Amino acid sequence: MNASYGKLMMWFFLLSDAFTFSALLITYGMIRSAHPAYAGEVEAFVFSQEYWPIPEKVFEAVPFLHGMSLPLVFVGIMTFILIMSSVTMVLAVEAGHRMDKKAVEKWMLWTIVGGLTFLGCQAWEWSHFIHGVGGGGAGLAWNEYGPPDFAALFFFITGFHGTHVFSGVVLNFLIYYNTVTGVYERRGHYEMVEKVGLYWHFVDLVWVFVFTFFYLV
Amino acid sequence: MHTEDISEVQVVPADKAKIKKIWMTAGILAILTAIEFLFAFTMDAGTLRTSIFIGLTIVKAFYIVGEFMHLKYEVKVLIWSILIPMIFVAWMLVAFIYEGSSIYFSRFF
């Protein structure tokens, strides 16, 4: 199967975007390895400017479960939401191949819902991170969790990814709108769903890497 | 006003095997993420754990790019023109981690 011009250009755009995200994540790796690592027991960990924090000790809050230590649970839920919205996007593309307008509408709508839910989760995560857990929170210049660079990288990397999710939701909405008004049905194919689908999967792919390098390692 | 045209569109029924494959891929991604969580809480941090995380992430990336983004089924030239430039990223990662630890040693020792 030959890739069309539009799909090919989307692939090359995504490759260039992959370079940008790689640069950001590698910057994280470099700055982290230039800081002292925490050496003691995980249970005895306290926040300090002296060493890089353990991510699971920073990200352990979940909405509505105040004061409970649930390390990485919320970010796990966010990962699951994004993977699910990627699945609904594939199903929309698949329905487009079959010229099934109703199914494309249904799956695009679920994809948009997934994207918006993810953005809502990220807004909560940011708000919690900024307000902190009693030590003054974090901003670009100060950080209760560890060295200031840690907070700056958190805002930069998850923010850049969140911006991608946001533009993805906007694009998904445009595709949904065009599907409902019958633009693609009259055109005779749903290739636009595929192109925007590529972008949306890429956003999911980047999150898989952010999840590993920022939250797990 | 276009109803006459629209009624002529032939909706092809869904292929059960295709749909099943999509959900299978989703299941694999979910299971791999669950395994990552398991390692995050049962294993001490170190080079081995980091290697396992990176390995599992690459497997997940393979499924997302290959199945969801359909790259596995594209022409060979497209596959290689996406994959080969990523070699530079791998090198960049190695070079900058090396650079970072060298900064660490010159700052603290």
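Hi everyone, let's start where the two chains meet: the contact takes 42 residues from chain A and 44 from chain B, where two residues are in contact if their C-beta atoms, placed from the backbone, lie within 7 Å. On chain A's side, helix 1 (5–33), helix 3 (73–97), helix 6 (183–187) and helix 7 (191–216) each supply at least two residues. Helix 1 of chain A gives the most, with ten residues. Helices here are DSSP runs of H or I, at least four residues, numbered from the N terminus.

A quick word on the source: this is a predicted model, where local features need pLDDT of at least 70, side-chain atom pairs count only at pLDDT 80 or more, and totals for chains, interfaces and linings use all residues. Residues are numbered from 1 along each chain as its sequence is written, while chains are lettered from A and ligands numbered from 1 in the order in which they are written.

Now look at helix 5 of chain A, residues 148–180. Its 33 residues reach 47 Å from first C-alpha to last, close to the 48 Å expected; the expected span is 1.5 Å times one less than the number of residues. Just after helix 5, G182(A) takes a positive phi of about 85 degrees.

Over to chain B, please. Which residues of its helix 2 are buried? They are A26(B), L29(B), T33(B), E36(B) and A40(B), buried meaning that 20 or more other C-beta atoms, placed from the backbone, lie within 10 Å of a residue's own. These buried residues pack against helix 2 (55–58), helix 3 and helix 7 of chain A, together with helix 3 (47–68) of chain B.

Key: A residue is buried if 20 or more other C-beta atoms lie within 10 Å of its own, exposed if 12 or fewer, and partly exposed in between; C-beta atoms are placed from the backbone.
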